[in-house]
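Subject: Structure handover

Hello,

Here is the structure I promised you. Please open it alongside this note, and my findings follow below.

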Amino acid sequence: MGYVDSTLGAVFVGFNISCVVFGVLTTQAYVYFQRFPLDRLPYKILVASLWCLELLDQVFIAYSVYFYAIKNFANPLVILRGKIIWTLIIQIMMGNLVGTIVKCCFAMRVWRFSKHNIYITGAIMIMILVQFGLAILYCVEAFRLTSLIDVSHLRLTASLALSAGPVTDILIAAALCYFLRKLRTGHRNRADTLVRSLSIYAINTGALTGAISSLTLILYNAQPDAFYFMASYFTLGKLYAISFLAALNTRKVVRGKGTDQEGDTSGTRNTFFLVTNNGRVPRTTEYTNHTKSVEIDIHQEVSVVRDVEEDLYTSPKFHRSSSLLRPPTFLCIQTAVTLLPMVDVTIDNTLGACFIGFAVACGLYGIVASQTFSYFRNYPGDKNLYKALVLFIFLLETADQCFIGHLVYFYAITNYADVLVLLSAKTTWSFILQLTVGAVAGCIVKTYFAFRVWRFSHRNYWITGLILLLAFGQLGLALAFTVKAFKLPDVFAVHNLQTLGTLSLGVGVCTDIITAGALCIFLNRLRTGLKSSDNLVNNLCTYAINTGVLTSTVSVATLILYNSLSYNFYFAATYFILSKLYAISFLATLNTRRSIRGRGTEEQGRTSNNTNMFHLGTRMPSMGPNDLQHWDKVDPPVALQQRMQELAELRYQGRSVQQ
């Protein structure tokens, strides 16, 4: 099945990678709207438009892969003789449109830094428009192709369009570095540091997108009969969008301010281009279908056998696709005709459900990866215990994602068009281990939140012990489920373990509800009547409720689907994303420790014990050295009010003495 691996397999892998990159893009978009609420309206519209375009682009890619690998699982002639599906062609246009918009924004940056140099900027704009025009021409010609494997006939147009991409990226990066260098003052001050940072960023951005464009060009020309080039092209538009959003989100950090809150961006200063109207670097002071079952396709599959026998072996394309269809496959299809009416199994509710769940899980994994990167970047002084825990959870989620990918690839690609393998559904080791890894990740996160309850409840053994008992009880049930699952004859037999699976999922829901309720109860006891501290309590309660509701909802959905629908894998689609939601909630708690207090800085400073009373269940790296000795001292509300009154009196007496 080498030909399937190099065609559908390559497209499948590229789609999964693009889902992960889209998750990173989504995180960047969320960070932008959270960090810069007062940014100019055109920037907000541009960011929202880019995200929507990439969302539509990802939907088109997903439908294209689903159409070839899932919907036509038992109809291989769609690849050999069918016309290219329209979503795959439009996706090319969408990705190129995003790249064009981003490049135009960077070209405007060159225009500002070069003090309105019309020649350099004009040359860049011409290259951008030429590439966009070639992409349109490629899409028009692609609609005229007779089959998917004929895309190699458009090699000239594609090569010209792909070649224009790296050239444009190099021109933009070189122009930015050249004109930025002219802005150096010759002194080791903040202005030169800013210029150096902007130059490095420009080079890195151009190098990444240029490398992916060059890789796509090389793969398209080196192996035109394979679809490896699609795998790299699927991520290209998203990388351009990420580079643009990263430029927006690091505007203040790259200046050295390091704040999470956006000041007033109104006025004449343009914060994206980082230059004023006179072209100088700003000073770093204060600036403001109808379900299509396999049994319905019986007649279609019989016709596939007849078509292959009569036409395919005499086709001139057979020499490069003979491994796509094997004689045993036809026997499997014909034998399956007598088996399918006996069970209510369709490709959509089995393999299709797993495919969709895997795609969503890939997007969430991208968010997990982005959150992990943010943690290690923003909290370098955090304790090694938390660093090891974050890294371990990230590795668990990586292994979890690999196991799910192996499961879907095994049935959809490795055994493409082999209906008997799908019907027999022999249990794969990756499917069972994925259940275990997800349970372990969820148990770790629940234990961490139980630790928070322990802190907020003044070391309440009963409620904390109950949460830990439920968390480890669910892990034990999951491990027991895993042991028994290895003895099952096929994947459909997981419904024979309904009692064990139901108990495990039910315990998970109870754990989330009790944890959220306990946090809210004990947090409300910390109210002081002061607006600032009460607002912090409100934020923490809202976060605890939202986290519990999200994970509980997905667990309940998995529980209902597992018990109500047999011979389907809808429950697996929801379970695939459950552990990643737990990981995201854990990482979000760590990454929002400062901003949820209202400090909004990315630099580690000192925090008094009055703020530390809301320690969020961790030993805050943002404490001062003197605070570390009393990190677990939580003042009751009455004592806190008395202390604040004493401080107010002391300040009043000090002012009186000075007067």
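The model is a predicted one, so please read everything here as computed from it. His116 lies in the loop between H4 and helix H5 (118-142). The phi of His116 is positive, at about 65 degrees, although the residue is not a glycine. For context, most residues other than glycine have a negative phi.

Ala417 also has a positive phi, of about 70 degrees, and is not a glycine. Ala417 sits in the loop between helix H12 (384-414) and H13. Is Ala417 buried or exposed? Its relative accessibility is 0%, so Ala417 counts as buried.

Ser424 belongs to helix H13 (residues 419-424). With 29% relative accessibility, Ser424 counts as partly exposed.

Ser430 is in helix H14 (residues 429-456). Its relative accessibility is 0%, so Ser430 counts as buried. What does Ser430 contact, leaving aside neighbours within four places in sequence? The partners are Phe403, His406 and Leu407.

Now the helix packing. Two packed helices are described by the angle between their axes and the distance between the axes.

Take helix H4 (residues 86-113) and helix H8 (residues 228-249). Their axes come within 9 Å and cross at roughly 30 degrees. That angle is under 35 degrees, so H4 runs roughly parallel to H8. The crossing of H4 and H8 is left-handed. On the H4 side, the contact residues include Leu88, Ile92, Val98, Val102, Lys103, Phe106 and Arg109. On the H8 side, they include Met230, Tyr233, Phe234, Tyr240, Phe244 and Ala247. Sorted by class, the contact of H4 with H8 has 13 nonpolar, six polar and two charged residues.

The second pair is helix H17 (residues 531-564) with helix H18 (residues 570-591). Their axes are 8 Å apart, at an angle of about 165 degrees. That angle is over 145 degrees, so H17 is roughly antiparallel to H18. H17 passes H18 in a left-handed crossing. From H17, the contact uses residues including Tyr543, Leu550, Val554, Ala557, Leu561 and Tyr562. From H18, it uses residues including Tyr570, Phe571, Ile577, Leu578, Leu581 and Tyr582. By class, the contact of H17 with H18 has 14 nonpolar and seven polar residues, with no charged ones.

Last, the aromatics. How many aromatic pairs does the structure hold? There are 25. One of them joins Phe67 and Tyr68. Their ring centres are 5.1 Å apart and their planes lie at 85 degrees, so this pair is edge-to-face. Both Phe67 and Tyr68 are buried. There is also an aromatic cluster to look at, formed by Phe12, Phe15, Tyr66, Phe355, Phe358 and Tyr409.

Best wishes

How values were computed: Residues numbered from 1 in each chain as written. Predicted model: local features only at pLDDT ≥ 70, side-chain atom pairs only at ≥ 80, totals over all residues. Heavy atoms only, no water. Axes fitted to C-alpha atoms, helices over the stretch in contact; angles between N-to-C directions. Helix = DSSP H or I, 4+ residues; strand = E, 2+ residues; numbered from the N terminus. Parallel < 35°, antiparallel > 145°, perpendicular 65-115°, else oblique. Left-handed = near helix turned anticlockwise from the far one by under 90°. Contact = heavy atoms within 4.5 Å. Nonpolar A, V, L, I, M, F, W, Y, C, P; charged D, E, K, R; others polar. Buried < 20%, exposed > 50% of the residue type's maximum accessible area, 1.4 Å probe, protein only. Phe/Tyr/Trp six-rings, centres within 6.5 Å; stacked < 30°, edge-to-face > 60°.
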